[in-house]
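Biologist: I am new to this structure. Please take one part, look at it closely, and then show me what lies beyond.

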Amino acid sequence: MNSFRFIVTYHVSRITFYASRFAFSGFFVEDRLPSKKRYGVGLLGAGTVGGGLIRLLHEKLSHHQLPVEIKKVGVRNLSKTRSFNLPGALLSDNLEGIVEDKTIDILVEAMGGLEPARTYIEKALLAGKHVVTANKQVVSEYGDYLSQLAQSKGKQFLYEASVAGSIPIIEILREGVIPDRIQAIYGILNSTTNFILTRMTESGEDFHEALVKAQELGFSEPNPSFDISGKDAGQKLAILISILKHQPCHPAQLDARGIDGLAPFDFQFARDRQWRIKPLAIYEEASGKGFASVEPVLVPASSIFANVRNEYNALCFSCQNIGRQIFIGKGAGELPTASALLSDLSKITSSDGHEQLSYEPSGAAREGIQFCSSIENPRGYGFYIKCSLSSNAVKRRRIREVVGQVGEVFEESTTGQGTNAWFCAVTQKILHSELYRILNEILSFDADARLSWLRVLQETD
Ligand SMILES: NC(=O)c1ccc[n+]([C@@H]2O[C@H](COP(=O)([O-])OP(=O)(O)OC[C@H]3O[C@@H](n4cnc5c(N)ncnc54)[C@H](OP(=O)(O)O)[C@@H]3O)[C@@H](O)[C@H]2O)c1
């Protein structure tokens, strides 16, 4: 743990360095620009993130710090009450008009969803505008194409806000700030699920109670299915892998498992063994293949991830020579996300739009990694297996025998009778393929068995 503490302290100071570098460029950028050019900004979306950007530019910072001027803000509902002060004339529901507006140099897309956001971004780039976006869905699916389009137009397509909110992780990866080969990524990339699992661990709430709390506090969207299913974190992980490996990784190439099947019993089981259940995004390599997944995972209570709570995000890079590098910060919300948009705006204005930052950095060799499903992973892990307990004594005995071959059967649970009775086991290190074989064998003689499993990730894994 001591080495962990050192790394965290070290990176807190690195992030402070980033923040101060950003503030520095913000304060002095106008003096460095010979023409004192002001960039016209068109903002699509003024909800949580877009509204946050307006507040940062107009209220939290002096707007003289960045040579930008908001020309238009596109929304759906003009009569909605807003949390920021902006002359009403700047608001428009004609988003097409904003994209075509010749006084706008930079389009900031903060409306969300795949369409029409993707089309507006494409049109803005074709019209010779820089684009800054918070939209992980568009970036994870079209980032490669849009970056190449931006490059062909000599413009920038930046998306720091699409992953991990306040942690400047895109810049860290792209700039090669970590001077070593990154072999694996472990991350908490979704604030909603981390908040829900924190509540289920600490307050003993069930999944639905914790979800309602997340929605009350504004951490979760009205439709939380993307968060709960792991798709949101999968899109973010795909973006990070694409930058890391210099080759596009599509979210469909990841294994994604949601958190909605977890029950209070699982958390009690974890607590009793000094474990915690955390929503991890994982990228590992073995035998020249890449294995990426988003899934709830058991980690030791003493690990760094166990102590990343609520809406915080964390990223741990496992490096070949220098060990682990860990970054922690708020992963969502109005100002953390808007600060990442602001950082991208600063990059464009401070480089006078010349610096070319692409999704896949030009000149970097593609590593040609093949992204594979976990069933092909040649590394073994411990697994927690939970199985509904049949009332049939023969079936119960067979389940114990099958699981007992690869691990320790911890208990026949006393959490209830009939459908609520569970039996649990923790396996030795086995392959995913072996895990699936065992689960299939159980189903072959007990088709009604309800099975679930979690990977156990030790700090040494
Ligand atoms: N919220 C976060 O913490 C967070 C964190 C990281 C990334 N992001 C990303 O940031 C983006 C924005 O998220 P958000 O939370 O700010 O969303 P939000 O609060 O729902 O705001 C969306 C904004 O876009 C406008 N809008 C949406 N569709 C539109 C359409 N078809 N035409 C015109 N206006 C439209 C809405 O207009 P009205 O206001 O009139 O309804 C609203 O102002 C998403 O891509 C999200 O994934 C969000």
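Modeller: Start with the cover over helix α4. The elements that cover its buried residues include β1 (39-44), α3 (95-100), β4 (106-109), β5 (130-133), α5 (136-152) and β6 (157-158). Contact here means heavy atoms within 4.5 Å. Buried means under 20% relative accessible area, exposed over 50%, and partly exposed in between, with a 1.4 Å probe and protein chains only. Helices (H or I, at least four residues) and strands (E, at least two) are DSSP runs, numbered from the N terminus.

This is a predicted model: local features need pLDDT of at least 70, side-chain atom pairs count only at pLDDT 80 or more, and totals for chains, interfaces and linings use all residues. Residues are numbered from 1 along each chain as its sequence is written, and side-chain values use heavy atoms, with hydrogens and water left out.

Now α4 itself. The helix spans residues 117-126, and seven of its 10 residues are buried. They are Ala 117, Arg 118, Tyr 120, Ile 121, Glu 122, Ala 124 and Leu 125. Just after the helix comes Gly 128, with a positive phi of about 85°.

Several of the covering strands also belong to a sheet. It is open, has six strands and runs in the order β3-β2-β1-β4-β5-β6, with parallel pairing. β3 (91-92) and β6 are the edge strands with a single partner each, so one side of each has no neighbour in the sheet. Two strands pair if DSSP finds at least two bridges between them. β1 and β2 (residues 68-74) have six, in the parallel sense. There, Tyr 39 faces Val 68 of β2.

Next, look at strand β10, residues 289-300. Of its 12 residues, 11 are buried, so the rest of the structure largely encloses this strand. Its links to other strands follow.

β9 (residues 275-286) runs antiparallel to β10, joined by 12 bridges. Arg 276 has Val 299 of β10 as its bridge partner. The hairpin of β9 and β10 has two residues between the strands, and Ser 287 takes a positive phi near 50° there.

β8 (residues 255-256) runs parallel to β10, with two bridges.

Phe 291 has Cys 372 of β13 as its partner.

β17 (residues 451-456) pairs with β10 in the parallel sense over two bridges. Here Leu 298 is bridged to Val 456 in β17.
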